[in-house]
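I have a new structure open and want to get my bearings. These are my notes, jotted down as I looked things up.

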Amino acid sequence: MKFIQKVFFVVGTVCLGTLQVFSQTTSKTENLPTDYLSKEFHAGRRQALRNLMPANSVTVIFSYPDQVFSNDVNYVYHANPDLYYFSGYKEPNAVLLIFKDMQADGDSSYNELFFVRHRDPLREQWTGKRLGVEGVKAKLGFKRVYNSEAFPDFPIDFKKFSAVFYDNPPEDVTGDGSVGELKNLIGAFKTKVSIPYVDKQLFDDLSLIGKYANPGNLNRLVTVYLKPKLDREAYRNNPIMQELVNKPDSATLVDVKTKISTAFGGISRYADFTNTLRAIKTPDELVLLKKSVQISSLAHAEIMRAIKPSMSERELEGIFMYVHKKYSAEDEGYPPIVGTGANACILHYEENNATKLDNQLTLMDVGAEYHGYSADVTRTVPANGKFTEEQRTIYQLVYDAQEEVFKLCKEGVPYPSLEQKASEVLATGLIKLGIIKDASEVRKYYPHGCSHHLGLDVHDKGPYTGNLMANMTITVEPGIYIPAGSPCDKKWWNIGVRIEDDVLIGKNGGTLLSIDAPRKWQDVEKMAAEKSIFDNANFPELK
């Protein structure tokens with residue numbers, strides 16, 4: 001029985017995953033979309049990377065591993081965004097090498113090598129076609145392509161390069177021991193380069209500091225993310241971590257960022273390169289990202305029409321997914337958040353299992369993923385279509401904060417100023433309402449950041465210090481969350497509001513990409529009074 005179930009699951013996975021596997025097979029005869037990124041785009045990104053790399057260096061990029069969903073069934077595969085960005089390849093068990101300089105090879109030369117998953121007709125009958133060596137050459141434009149099994153013994157001396165750049169390889173990779181599997185590719189690379197062990201969790205947390213920290217949020221990052229982990233030996237014994245925890249000020253931050261870069265060498269420089277490139281969206285990328293955001297916005301608008309107190313959180317999630325699929329979005333960019341009442345006060349609430357919305361506010365943070373590019377849109381809507389006075393007051397405060405931040409969304413504005421402005425407006429409003437007494441208390445009800453980069457990852461790569469630059473895409477998402485038991489008047493309890501929009505940074509101002517989803521409370525109520533295409537969807541009762 002399990003075998004039969006697996007057959008049907010795999011067939012379904014193939015149907016959903018076909019678009020992911022063949023990112024370049026776009027002819028009309030294949031009945032596939034024709035708006036994927038071109039091989040010329042990916043080649044251009046590789047050259048842009050080379051322009052950042054120093055002489056006599058190489059960058060190494062691995063595919064992501066498969067992940068088990070249940071027993072002998074995997075999750076639908078999600079490609080490493082970096083590998084896709086630089087190649088267009090969306091399959092597992094692969095490694096790409098990008099050289100700064102041309103490498104001599106007898107009478108010929110090359111500046112990139114690609115080791116990819118081999119063709120296997122028997123497996124392809126079950127799980128879908130693979131590109132293989134010839135497919136990667138023909139469809140993705142690479143010249144030097146080999147089966148991944150060739151990588152461990154391939155005659156390349158990494159020690160001759162002045163620098164080797166790479167992402168910190170994952171530690172939880174499993175496999176059956178086949179030579180071409182990702183686990184063995186990573187093992188062979190570590191042997192070739194003599195990579196020392198790096199505690200992945202420690203590295204990830206230090207990278208978070210290097211990426212997101214600024215003088216305004218350093219104390220919060222240290223308190224929330226680092227101090228709770230000091231019971232781990234790797235954290236206690238790391239001098240950079242100790243310096244951060246003991247003196248979290250601006251001078252320490254400058255010193256620590258330099259030390260992080262030095263300590264992790266090729267990993268940190270790899271992050272610098274990819275953050276620099278992926279932060280600025282090209283015209284080709286913006287076409288896809290705008291489409292993803294518009295799809296998401298239309299879904300939020302339809303939810304405003306369809307929402308009823310008798311509905312469940314899961315039912316709303318299903319409407320989102322239907323609209324996304326209607327417009328050919330392959331997936332959601334992150335697990336949908338649909339929280340009503342008290343659940344709206346849980347920042348990353350993902351259960352979505354409340355059976356009735358009742359007459360409460362419902363916070364919905366849901367974004368489509370279209371051809372790899374993720375939107376990130378949040379709306380907060382009264383289930384009965386009308387805000388109460390208290391709900392409307394908090395909603396308007398969040399809206400006002402967002403409007404003030406929008407004014408700063410232009411080239412040359414310091415990135416940290418967005419967070420400062422959001423906190424300032426929210427703190428002033430909460431003091432006026434008597435919910436807090438001092439601006440220092442604002443984090444009690446506004447515990448997250450205002451903005452992040454958006455693109456191939458929902459929290460995309462990009463710098464979180466310095467100034468905004470044209471063609472960055474960011475979110476603007478202030479919020480207020482007042483759970484029951486908070487030290488304020490009970491009339492505010494269980495009100496959670498977040499309004500999140502996606503903005504394209506321009507030289508003189510930002511462009512609101514998620515404009516198709518109403519934001520003003522008056523417009524939300526107006527749309528909630530409209531008819532939805534789902535109003536007459538009648539399903540039989542379960543027996």
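**Entry 1: what kind of model**

I am working from a predicted model. I keep that in mind for everything below.

**Entry 2: α7 and α10**

I started with two helices. Helix α7 covers residues 200–212 and helix α10 covers residues 239–246. I looked up how their axes sit: they come within 11 Å and cross at roughly 45 degrees. That angle makes α7 oblique to α10. I also noted the hand of this crossing, which is left-handed. Which residues make the contact between α7 and α10? From α7 I wrote down L202, L206 and I209, and from α10 I wrote down I240, M241 and L244. Sorted by class, this contact has six nonpolar residues, no polar ones and no charged ones.

**Entry 3: α2 and α11**

Next I took helix α2 (residues 39–52) and helix α11 (residues 250–279). Their axes come within 10 Å and cross at roughly 130 degrees. Oblique is therefore the word for α2 and α11 too. The crossing of α2 and α11 is right-handed. On the α2 side I found R45, A48, L49 and L52, which meet F273, T276 and L277 of α11. How do the residues of this contact divide by class? I got five nonpolar, one polar and one charged.

Strand β10 (residues 361–365) pairs with β13 in the antiparallel sense, over five bridges. To place one of them, I looked up L363 and found T380 of β13 as its bridge partner.

**Entry 4: β15 and β16**

Strand β15 runs over residues 479–482, and both of its faces are covered. G479 and Y481 are on one side, I480 and I482 are on the other, and all of them are buried. What joins β15 to strand β16, residues 495–498? I counted four bridges, and the two strands run antiparallel. Opposite I480 I found V497 in β16.

I followed D331 across and reached E369 in β11, its bridge partner.

**Entry 5: the sheet β14-β17-β18**

Here I found three strands in an open sheet, ordered β14-β17-β18, with antiparallel pairing. Its edge strands are β14 (473–476) and β18 (510–512), each of which pairs on one side only. On average, neighbouring strands of this sheet are turned by 35 degrees against each other, with direction ignored. Four bridges join β14 to strand β17 (residues 501–505). T473 has L504 of β17 as its bridge partner.

**Entry 6: L289**

T473 turned up again when I looked at L289. This residue belongs to helix α12, residues 283–306. Its relative accessible area is 0%, so L289 counts as buried. What does L289 contact beyond its neighbours within four places in sequence? My list reads Y373, S374, L454, G455 and T473. L289 and T473 are 184 residues apart along the chain, yet their C-alpha atoms are separated by 9.0 Å.

**Entry 7: H78**

My last stop was H78, in the loop between β3 (73–74) and α3 (81–87). Its relative accessibility is 36%. Buried means under 20% and exposed means over 50%, so H78 counts as partly exposed. Leaving out residues up to four places away in sequence, H78 touches Y64 and E369. E369 is the residue I had already noted as the bridge partner of D331. I also looked up H78 against E525: they are 447 residues apart in sequence and 38 Å apart in space, C-alpha to C-alpha.

Key:
Residues are numbered from 1 along each chain as its sequence is written. This is a predicted model: local features need pLDDT of at least 70, side-chain atom pairs count only at pLDDT 80 or more; totals for chains, interfaces and linings use all residues. Side-chain values use heavy atoms; hydrogens and water are left out. Axes are lines fitted to C-alpha atoms, for helices over the stretch in contact, and angles run from 0 to 180 degrees between N-to-C directions. Angles under 35 degrees count as roughly parallel, over 145 as roughly antiparallel, 65 to 115 as roughly perpendicular and the rest as oblique. A crossing is left-handed if the near helix is turned anticlockwise from the far one by less than a right angle, and right-handed if clockwise. Contact means heavy atoms within 4.5 Å. Ala, Val, Leu, Ile, Met, Phe, Trp, Tyr, Cys and Pro count as nonpolar, Asp, Glu, Lys and Arg as charged, and the others, Gly among them, as polar. Buried means under 20% relative accessible area, exposed over 50%, partly exposed in between (1.4 Å probe, protein chains only). Two strands pair if DSSP finds at least two bridges between them.
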